Amino acid sequence: MNPSDLQESLQAKIKSGFLLLDKPVGMTSSDLVLKAKKTLNLHKVGHTGTLDKAACGLIILPIGSSTSFSQIFLTKEKEYLAEVQFGFSTDSGDREGIVLEDWEDQRIRNWYQEKKAQLDNILATVTDWEDQVAPEISALKVSGKRRAQLFREGVSVPQSVRKIKIYEFEVLELDYKGCKIRTKVSAGTYIRKLVMDIGEKAGIPMSLQSLTRTKIGKLGLDKADTYDALLSGTAIVHPPEEIVDVPSVEVPGTLVKDIFHGKKPRLEWIPAQEFLLISPEGQILAWCRRDGLPGSFNYKYLKVFPKN
């Protein structure tokens, strides 16, 4: 099959699902969404959270009716691998920013010899941190404008303090030049700001040399397609049943048609506040939310999905 036939065949099959991609360094998350739309000739591609331009790694793009599930992934915990450089800092906390400090090699060596024990103590307490001031260079919006834009324009805006959870923080390598870390954090946690805060506590400028997102919830980077696979039209569009991790209730085949027409079958149990109705074949029919107090069997449809 030649590339044009392959592309045409792929388009015929794409109605709903998810792309799992390894975003390249130097491309924004929005760039990747636009490229997926153009390359695969898709009208509707969703977004499940940004990944910094200087970072690479797993990004999930829902397609078609699966965009209804975008919000689920925004709240999932994330896992990262980060390489940190000591003695160097930028206003953004990564290689994309304007350089603020750049220490000479000997100065870094001297600091490391004198302060390593203090640094070790700081690194050991990171999992106890519960608050984070969002970085000035970020996609967060204030009055409709990104904080990064306002910062570059010299506009002063109030700090945005966020509650975070650092589930795991592991130092894989450490020497006077920097360290390599693996961390698992709650949604909305900025790793580059985490590094900036460590440096501030330790008394040395620090910044991210590289950052790779390796997991979103239970989905790992090992399942992702490359950017080249997207461009060639060979990236896999995963069915929603394979990706969406929400409790489900199977309904008899005789009731499937009723659900497509908006009728709600009577349920004998509800597994969670939000749940899916699925067919005997495993197809997702509807996304539902309990309507009433816990223990109630009343529910409403958040989304009824079109028949395949």
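This is a predicted model: local features need pLDDT of at least 70, side-chain atom pairs count only at pLDDT 80 or more; totals for chains, interfaces and linings use all residues.

Student: What makes S12 and strand S13 (residues 219–220) a pair?

Tutor: Two strands pair if DSSP finds at least two bridges between them. S12 and S13 are joined by 2 bridges and run antiparallel, so the pair meets the requirement of at least two bridges. In one of these bridges, Ile216 has Leu219 of S13 as its partner.

Student: Which strand is joined to S12 by 9 bridges?

Tutor: That is strand S3 (residues 78–86), which runs antiparallel to S12. Phe86 has Met206 in S12 as its bridge partner. Strand S2 (residues 56–64) also pairs with S12 (residues 206–216), here in the parallel sense and over 2 bridges. Cys56 has Thr212 in S12 as its bridge partner.

Student: What holds paired strands together in general?

Tutor: Strands of a sheet pair through backbone hydrogen bonds, in either the parallel or the antiparallel sense.

Student: Why are strand S15 (248–250) and strand S18 (299–304) called edge strands?

Tutor: The sheet is open, with 4 strands in the order S15-S16-S17-S18 and mixed pairing. S15 and S18 each pair on one side only, and are accordingly its edge strands. Neighbouring strands of this sheet are turned by 30° against each other on average, direction ignored. Within the sheet, strand S16 (residues 274–278) and strand S17 (residues 284–290) pair in the antiparallel sense over 5 bridges; Phe275 stands opposite Cys288 in S17.

Student: How do you know that the length of helix H2 (residues 29–40) agrees with its number of residues?

Tutor: At 1.5 Å a residue, the 12 residues of H2 should span 16 Å, and the end C-alpha atoms are 17 Å apart, which agrees.

Student: Which residues of H2 are buried?

Tutor: They are Ser29, Leu32, Val33, Ala36, Thr39 and Leu40. Seen down the axis of H2, the buried residues fall within an arc of 140°, so they line one face of the helix. The face turned away from this buried side carries Leu34 and Lys38, which are exposed. The term buried requires under 20% relative accessible area, and exposed requires over 50%.

Student: How much of the whole protein is buried?

Tutor: Buried residues make up 47% of the 308 residues. The protein has 9 helices and 18 strands.

Terms used:
Residues are numbered from 1 along each chain as its sequence is written. Side-chain values use heavy atoms; hydrogens and water are left out. Buried means under 20% relative accessible area, exposed over 50%, partly exposed in between (1.4 Å probe, protein chains only). The expected span of a helix is 1.5 Å times one less than its number of residues. The arc is that of the directions from the helix axis to the C-beta atoms. Axes are lines fitted to C-alpha atoms, for helices over the stretch in contact, and angles run from 0 to 180 degrees between N-to-C directions.
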